[in-house]
Amino acid sequence: MSALTVGMEDGIAVITFDLPGEPVNKFSQAVKDEFLALFDRLEGDQAVRGAVLISGKPDSFVAGADIDEFLRWTTAAQAEKASRDGHAMLDRLEGLRLPVVAAIHGACMGGGLEAELACAYRVVSDHPKTVLALPEVQLGIFPGAGGTQRLPRTVGLQAALDMILTGKNVRARKAAQIGLVHEMVHPAILRQVAVQRAREIADGVRDRNPDARRRNAASFLLEENPVGRGIVLRKARAMTLKKTRGNYPAPLAALDAIAAGYDDPAKGYREEARLFGEMAMTPISRELIGIFFASTALKKDSGVGDAPVTTLPVRKLGILGAGFMGAGIAGVAVQKGTLVRLKDADLARVGKGLAAIRDVLKEGVTRRHITRQQMDDQLLLAGGTTDYSGFENVDLVIEAVFEDVHVKHTVVREVERVLPPHAIVASNTSTIPITRIAQASSRPERVLGMHFFSPVHKMPLLEIIVTAQTAREVTASAVAYGKTLGKTVIVVRDAPGFYVNRILAPYLNEAGRLLDGGAAIDAVDTALLDFGFPVGPITLLDEVGLDIAGKSGAIFLDAFGDRLAPSATLRKVVESGRLGRKGKQGFYRYDADGRKGGIDESVYAFTPSGAQRVTIAADEMQQRCVLGMVNEAVRCLEEGIIASPRDGDIGAVFGIGFPPFRGGPFRYIDAVGAGWVVEQLEELNSRFGGRFEPAERLILMARKGERFHPAGMRAV
Ligand code: NAI
């Protein structure tokens with residue numbers, strides 16, 4: 001079946017790209033061949049004066065390259081060739097006799113954006129779904145179909161770097177402002193305007209690919225002479241190195257390709273292809289692509305296996321507790337069009353919750369993701385109450401009241417008196433077993449955990465916790481709704497700490513024990529930042545709140561004994577009443593606005609070694625924290641808390657920020673080898689009295705030389 005159909009409109013060929021059987025358009029080898037054949041046909045037809053390229057998918061233009069094809073490359077030369085083929089195809093597009101106008105509505109990513117850069121004119125729809133980006137660096141590669149060459153020429157060096165080095169989304173209005181596209185129009189007239197522009201260019205009354213950049217003196221000084229460009233490129237390199245701590249080579253390779261293009265355009269394309277080939281073969285890219293496949297697979301996963309299951313749509317959501325998390329969940333829900341009823345103990349708290357929702361939505365207006373009108377419409381979806389009025393027709397209730405089992409039991413009993421029989425009751429608890437919460441329920445088969453992470457509107461993961469009693473369709477419905485909220489969902493079995501907090505425990509404990517042993521706070525944080533975590537563990541303790549860390553520490557000690565006992569330092573710091581950032585006093589100092597300062601040296605008084613600090617090698621600190629975490633992840637798999645290594649990797653990367661380029665705990669073990677991990681754990685275990693006992697499964701795998709994921713990239 002063909003991906004391209006052509007309709008003629010008075011000498012203009014309208015090419016509709018609609019990849020059969022796929023939700024989005026992708027450039028595969030077959031699609032590229034089809035384009036090339038079509039170009040030949042159109043070029044040879046003198047009746048065709050111009051063309052328009054438009055997508056047949058409702059809300060997306062082109063998602064990018066077909067990443068499945070990357071799996072076939074086994075050498076850098078193959079990837080380099082794919083890049084050169086991309087160059088040839090887009091050169092052909094750019095050089096066609098007939099002008100091709102891109103009519104872009106919806107996402108235009110990666111190869112899609114590189115293709116539009118080769119078009120003679122570009123029109124975008126003025127629509128929130130229209131976003132343009134070069135997200136390749138997020139997969140450990142960089143744009144390899146001419147993007148590092150055409151983009152700087154089109155939008156200027158600084159704007160191009162901003163896109164290529166970060167992969168960030170550019171919305172329609174901004175795209176028009178920076179000259180990435182030529183025109184922005186209402187979606188209803190997109191096609192018509194594009195046809196018109198193709199005709200005008202064919203008639204010679206409009207230029208091909210006119211320069212739409214707005215230049216000013218600063219950009220002239222910095223970008224349009226070699227000295228200025230040198231400064232910009234050097235600064236970008238330094239910033240990238242600082243941000244990635246040297247863990248991600250692809251943005252640096254992109255910088256090299258861009259620089260080469262300024263020396264000599266032909267060399268630029270050659271370097272782009274060569275470096276693309278090199279990057280496509282790095283283990284970093286393999287791991288990042290593994291995560292991409294895993295999260296794509298999770299999007300299609302019902303959470304309850306393959307047998308058919310009916311899911312209950314959530315039209316109205318009840319939330320108990322309008323505090324930090326309750327309001328956060330409500331904010332995300334109204335953005336997705338769910339009617340929300342928010343209940344708290346008194347009106348003042350309900351009001352505070354509604355104000356917090358408004359703040360989240362306002363952020364969207366400030367960032368121009370939504371209009372003020374849309375914000376007002378979304379706000380109208382949220383209502384508040386101090387009793388259970390309005391709960392008689394909710395489909396799902398999420399409780400986010402205080403972390404106290406008695407309070408949770410009370411609200412579950414109260415709400416169930418009003419709920420319709422089909423409604424699901426979910427708890428957002430971070431530590432209380434769901435089975436225990438369900439004891440207060442008259443229908444425990446409709447109870448589960450929906451563990452959101454804070455801040456809810458930013459954190460991508462949702463951990464759904466099922467008990468032995470949770471009904472299958474209840475789980476599937478919660479999973480489906482979690483996806484509606486835009487979350488990546490993993491389903492885990494009920495046990496203390498569930499999965500994410502459970503594997504975090506040994507990691508944070510070990511960071512505390514390093515302080516017990518005399519390590520400096522900043523040395524511990526730096527070592528784990530260098531390993532690739534987004535924040536250091538001691539900073540994370542301050543962020544989470546030391547009171548909360550203390551409470552969950554006690555729960556883990558209770559459930560798992562000494563293996564997961566909190567450090568002496570943490571226990572003493574918690575006893576001292578320091579709360580971390582929210583109390584503006586923790587391991588670090590905070591100013592009146594909660595901004596983090598330097599280490600609070602006085603906190604060393606709580607460490608057994610006192611102010612005397614010793615140096616512990618960074619790799620030892622990394623190993624103690626990280627191997628404790630990955631060992632615990634394997635135990636969770638052994639105990640059936642997570643269903644697969646894939647879920648364990650995604651939970652760690654999306655919930656904790658386990659370095660994405662290491663692929664998650666299980667991919668990390670595969671990369672370094674189960675044998676090596678067991679050896680290290682045994683060595684640590686002999687030094688640190690039993691808390692590094694390797695998981696049975698790891699020992700077995702080491703013995704047999706097995707892996708968690710098959711060799712190669714696919715994580716499903
Ligand atoms: P919070 O203290 O900000 O909010 C709790 C809210 O519940 C308060 O507004 C309180 O007035 C209300 N509440 C108490 N009793 C109530 C009742 N009987 N009926 C209605 N409302 C009642 O607490 P936060 O941080 O939002 O935590 C809520 C839940 O979410 C806890 O179970 C916590 O463990 C969990 N959680 C918290 C995370 C965090 O980072 N803060 C992360 C993930 C889960």
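This is a predicted model: local features need pLDDT of at least 70, side-chain atom pairs count only at pLDDT 80 or more; totals for chains, interfaces and linings use all residues.

Reader: Fine, then how many residues surround the ligand, and which are the closest?

Author: The ligand is surrounded by 21 residues, and the closest are Met 325, Asp 344, Arg 349, Glu 403 and Lys 408.

Reader: Which helices or strands supply at least two residues of that shell?

Author: Helices α13 (324-335) and α16 (405-418) do so, and so does strand β18 (447-452). The most comes from α16, which gives 3 residues to the shell around the ligand.

Reader: What lies 2.5 Å from an oxygen atom of the ligand?

Author: That is a polar side-chain atom of Glu 403. A polar side-chain atom of Asn 428 is 3.1 Å from an oxygen atom of the ligand, whereas Met 325 uses a polar backbone atom, with 2.8 Å to a ligand oxygen.

Reader: And how much of the ligand does the protein bury?

Author: The protein buries 79% of the 840 Å² that the ligand exposes when it is taken alone.

Reader: Switching to charges, how many salt bridges does a search of the whole structure find?

Author: The search finds 48 salt bridges. One of them joins the side chains of Lys 129 and Asp 59, at 3.5 Å from N to O.

Reader: Which parts does that pair tie together?

Author: Lys 129 sits in the loop between β9 (121-125) and β10 (131-133), and Asp 59 in the loop between β4 (50-55) and β5 (60-62), so the bridge connects parts that are 70 residues apart in sequence. Lys 129 has 46% relative accessibility and therefore counts as partly exposed, and Asp 59, at 35%, also counts as partly exposed.

Reader: What about Glu 224 and Arg 213, how do their side chains meet?

Author: They meet in a salt bridge of 3.2 Å, N to O. Glu 224 lies in the loop between α8 (217-223) and α9 (226-244), while Arg 213 lies in the loop between α7 (190-202) and α8, so this pair ties together parts that are 11 residues apart in sequence.

Reader: Is Arg 213 buried or exposed?

Author: Arg 213 counts as buried, because its relative accessibility is 14% and the cut-off for buried is under 20%. Glu 224 counts as partly exposed at 29%.

Reader: With which residue does Arg 691 form a salt bridge?

Author: Its partner is Glu 510, and the closest N and O atoms are 2.8 Å apart. The two are 181 residues apart, with Arg 691 in the loop between α27 (674-687) and α28 (696-704) and Glu 510 in helix α19 (residues 500-516). Both Arg 691 and Glu 510 are buried.

Reader: Which residues are linked with them in a network of salt bridges?

Author: The network also includes Glu 620, Arg 624, Glu 683 and Arg 687, together with Glu 510 and Arg 691.

Reader: New topic: in what order do the 6 strands of the open sheet run?

Author: The order is β1-β2-β4-β7-β9-β12, and the pairing is mixed. At the edges are β1 (4-9) and β12 (183-185), each of which pairs on one side only. From one strand to the next, the twist averages 25 degrees.

Reader: In which sense do β2 and β4 pair, parallel or antiparallel?

Author: Strand β2 (residues 12-17) pairs with β4 in the parallel sense, over 6 bridges. Ile 12 stands opposite Gly 50 in β4.

How values were computed: Residues are numbered from 1 along each chain as its sequence is written. Side-chain values use heavy atoms; hydrogens and water are left out. A salt bridge is a side-chain nitrogen of Lys or Arg within 4 Å of a carboxyl oxygen of Asp or Glu. Helices (H or I, at least four residues) and strands (E, at least two) are DSSP runs, numbered from the N terminus. Buried means under 20% relative accessible area, exposed over 50%, partly exposed in between (1.4 Å probe, protein chains only). Two strands pair if DSSP finds at least two bridges between them. Axes are lines fitted to C-alpha atoms, for helices over the stretch in contact, and angles run from 0 to 180 degrees between N-to-C directions. A residue is near a molecule or strand if one of its heavy atoms lies within 4 Å of it. A polar contact is a pair of N or O atoms within 3.5 Å; within protein, one must be able to donate a hydrogen and the other to accept it, and residues adjacent in sequence count only if both atoms are side-chain atoms. Accessible areas come from the Shrake-Rupley method with a 1.4 Å probe; for residues, only the protein chains shown count as cover.
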